[in-house]
Amino acid sequence: MELFNQVIETELINNPTKSVFALNHNLLIHSPQKGQDLLALLNKPTDDNEVLSLLFLETLFAGQFGEELALNNLESSNNDWSESWARYLSKNAIYNSSISKINVAIQKSTNTEIQRNLLSSLMYIGSPKSIDFIKQIIDTTKNDLIQTQAIFVYAELTGFYGIKELEKVETVGKKSKSEKEGSLSWLKEETNSVNIYGTEVTNDFDFAMRFGDIKSPSMIWMEGKKLLTNKALKNPKPLSESDKNEILDILTDSKCFGLEAIKGTLFLSVTKDDMNKLIELRRLNYYSPNGYTQGRNKTLGILIRYLKKK
């Protein structure tokens, strides 16, 4: 807290170092409100890619508060800054509460790159509530690149049941025509009335073999439940409700370690009632970032989007 008070009174608030972001991370863990206060002060346009990467990381760890900061940055008069945060949202947006602001930003922007990235952000949020909005863009835009992105997002959000509507789309250029053909081909080959979205998550056998003997809470639990055998890893079965709740709590306490070894089993087990736990697990994935963070982020994003679309 003393360091926080010192930093905000110095030039470090305008030219932060790695140590300032380390302070921010610790504040977000131990004093979340002060961490949010510092993050808001650090959230200002920069040309320093290292600073921007660190800011992205803390924004992810700040959860919904961080995503709201990212959304506010879209309204900046600094076009490069807005583009940076549109790119951030294109891979990291997750909260349904962001949808309305993203829709407005897409409609207000005249920057094609920002619009395309924000369309992708709606796909990453994964809510069926965005389908009508995306379809409207497909039907009304005259911009080939925007229609191309909207077709891709529409196919992801609708899955098998979007085929008929996509077949009716009148494309406005070569890229959108190619995307329509590719999306329809994928939907017809990879989806059906049972596997509507072509989504499948499997346990990471190699991860389990490398880390199965590490005596962490999650791996101990899986070993005790005989979930680290070749058969269980390669042919997962749904967990009981109590086992599912137990391992989600353990993964939360472990800040996501062990997710790879049970992600396919969780895919068969989680329901919409688990959404908040998964979203919190995604945030805590950045508690102590390491080489596995991005992979775990992707896995949790798939699980969350899958549940939203069910």
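**Note on helix packing and aromatic pairs**

1. K168 is exposed, since its relative accessible area is 59% (exposed means over 50%, buried under 20%, and partly exposed in between, with a 1.4 Å probe and protein chains only). This residue belongs to helix α11, residues 163-168; helices are DSSP runs of H or I with at least four residues, numbered from the N terminus. Between the C-alpha atoms of K168 and E58 the separation is 43 Å, and the two residues are 110 apart along the chain.

2. The model is predicted, and local features need pLDDT of at least 70, side-chain atom pairs count only at pLDDT 80 or more, and totals for chains, interfaces and linings use all residues. Residues are numbered from 1 along each chain as its sequence is written, and side-chain values use heavy atoms, with hydrogens and water left out.

3. Two packed helices are described by the angle between their axes and the distance between the axes. For α16 (residues 241-253) and α17 (residues 259-267), the axes come within 12 Å and cross at roughly 150 degrees. Axes here are lines fitted to C-alpha atoms over the stretch in contact, with angles from 0 to 180 degrees between N-to-C directions. Helix α16 is therefore roughly antiparallel to α17 (over 145 degrees; under 35 is roughly parallel, 65 to 115 roughly perpendicular, and the rest oblique).

4. Which residues make the contact of α16 with α17? On α16 they are I247, L248 and L251, and on α17 they are L259, I262 and L266, where contact means heavy atoms within 4.5 Å. These residues divide into 6 nonpolar, no polar and no charged; Ala, Val, Leu, Ile, Met, Phe, Trp, Tyr, Cys and Pro count as nonpolar, Asp, Glu, Lys and Arg as charged, and the others, Gly among them, as polar.

5. The count of aromatic pairs comes to 12. Rings of Phe, Tyr and Trp (its six-membered ring) pair if their centres lie within 6.5 Å; planes under 30 degrees apart are stacked, over 60 edge-to-face, and the rest tilted. F56 and Y88 form a tilted pair, 5.1 Å centre to centre with 45 degrees between the planes. F56 lies in α4 (residues 49-61) and Y88 in α6 (residues 79-92), 32 residues apart. Y88 is buried because its relative accessibility is 4%. One aromatic cluster is formed by F56, W81, W85 and Y88.

6. The ring centres of F207 and F211 are 4.7 Å apart and their planes are at 45 degrees, so this pair is also tilted. F207 is buried, at 0% relative accessible area, and F211 is buried at 16%.

Methods: Helices (H or I, at least four residues) and strands (E, at least two) are DSSP runs, numbered from the N terminus.
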